[in-house]
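Open the model in your viewer and keep the selection tool at hand. Each stop says what to pick next and what is there.

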Amino acid sequence: MFSIYSWTRPTLSFGRHQPAAGLYDIGKIRSANVDVVRRPTGGRAILHDHEVTYSVTAPLQDAAPLRETYARINRILLDGLGRLGVNAELASTTGRSPAPSTRPCFEAPGDGELVASGNKLVGSAQWRDDGALLQHGSILVDDDQSSLPLFAAAANGVSNSIPRPATLHTLLGRSPGIEEVATAMFDAVRSREDEEASEMGEEEIREETMSRIPHFLDEGWTWRR
């Protein structure tokens, strides 16, 4: 299942193994009216606000090895971005993913992620467990990732200087809405994967997923590291 969604409130998400306790200030985060979650996938901190999130879920029995799956999903993303008028490409292969740390996700591209004009545009991560896979990531519409150091606890090593990532706004000269991005991505899915693919409503998706993720709503999970 390929999904496109936005967030009802600005939300800071930590990667599954990223250190956060004592490094980020929950008081500063709450004062900024920002929620906090921890993702099931790896990677580093992302502020979900001026971005569009995609996710892909599938049974492992139908999945190729991790790199092949990444490449297949990237072909959809590149096609969808092209339909928006964005010329993106794969980041140069490094052969490794960034280690969990307080550095922000959009500081630099990892292996298999997408860049435009030399800067990171789409951050992605994949998780496999219990016979299924989840890959999701953020497509930046505008740049608010530079605000992440504002949420740091004092002298904790969180970067105060974040290179500017690529955004749809800077690449297109405007900020496309989620409906436009979703249409482009779903057209790419139909073109490359399944021409008969149909869309599910938000309530239908919530019924399918919310009952399966209770621990992700638990602050103990969020601040466990």
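**A charge over a ring**

Start with Lys 120 and Phe 106. Lys 120 lies over the face of Phe 106, 5.1 Å from the ring centre. Show both side chains and look at the ring face that Lys 120 covers.

**Confidence colouring**

This is a predicted model, so colour by pLDDT next. The mean over the protein chain is 86, and 84% of the residues reach 70 or more. Which helix has the lowest mean pLDDT among the elements of the chain? Select residues 202-209: this is helix H5, with a mean of 60. Then select helix H3, residues 168-172, where the mean is the highest, at 97.

**The aromatic cluster**

A pair of aromatic rings is described by the distance of the centres and the angle of the planes. The structure holds five aromatic pairs. For one of them, select Phe 2 and Tyr 54: the pair is stacked, at 6.1 Å centre to centre with 15° between the planes. Phe 2 sits in strand E1 (residues 2-5) and Tyr 54 in strand E5 (residues 51-59), so the pair links parts 52 residues apart in sequence.

Phe 186 belongs to helix H4 (residues 178-192) and Phe 2 to strand E1, so here the parts tied together are 184 residues apart in sequence. Phe 186 is buried, as is Phe 2. Now show Phe 2, Tyr 54 and Phe 186 together: they form one aromatic cluster.

**The three-stranded sheet**

Switch to cartoon. Select strands E2, E3 and E4. They make an open sheet in the order E3-E2-E4, with mixed pairing.

Zoom in on E2, residues 11-14. Strand E2 pairs with E3 in the parallel sense, over four bridges. Finish at Ser 13, which stands opposite Val 37 in E3.

Definitions and conventions. Residues are numbered from 1 along each chain as its sequence is written. This is a predicted model: local features need pLDDT of at least 70, side-chain atom pairs count only at pLDDT 80 or more; totals for chains, interfaces and linings use all residues. Side-chain values use heavy atoms; hydrogens and water are left out. Two strands pair if DSSP finds at least two bridges between them. Helices (H or I, at least four residues) and strands (E, at least two) are DSSP runs, numbered from the N terminus. pLDDT is the predictor's confidence in each residue, from 0 to 100. Rings of Phe, Tyr and Trp (its six-membered ring) pair if their centres lie within 6.5 Å; planes under 30 degrees apart count as stacked, over 60 as edge-to-face and the rest as tilted. Buried means under 20% relative accessible area, exposed over 50%, partly exposed in between (1.4 Å probe, protein chains only). A charge sits over a ring if NZ of Lys or CZ of Arg is within 6 Å of the ring centre and within 35 degrees of the ring normal.
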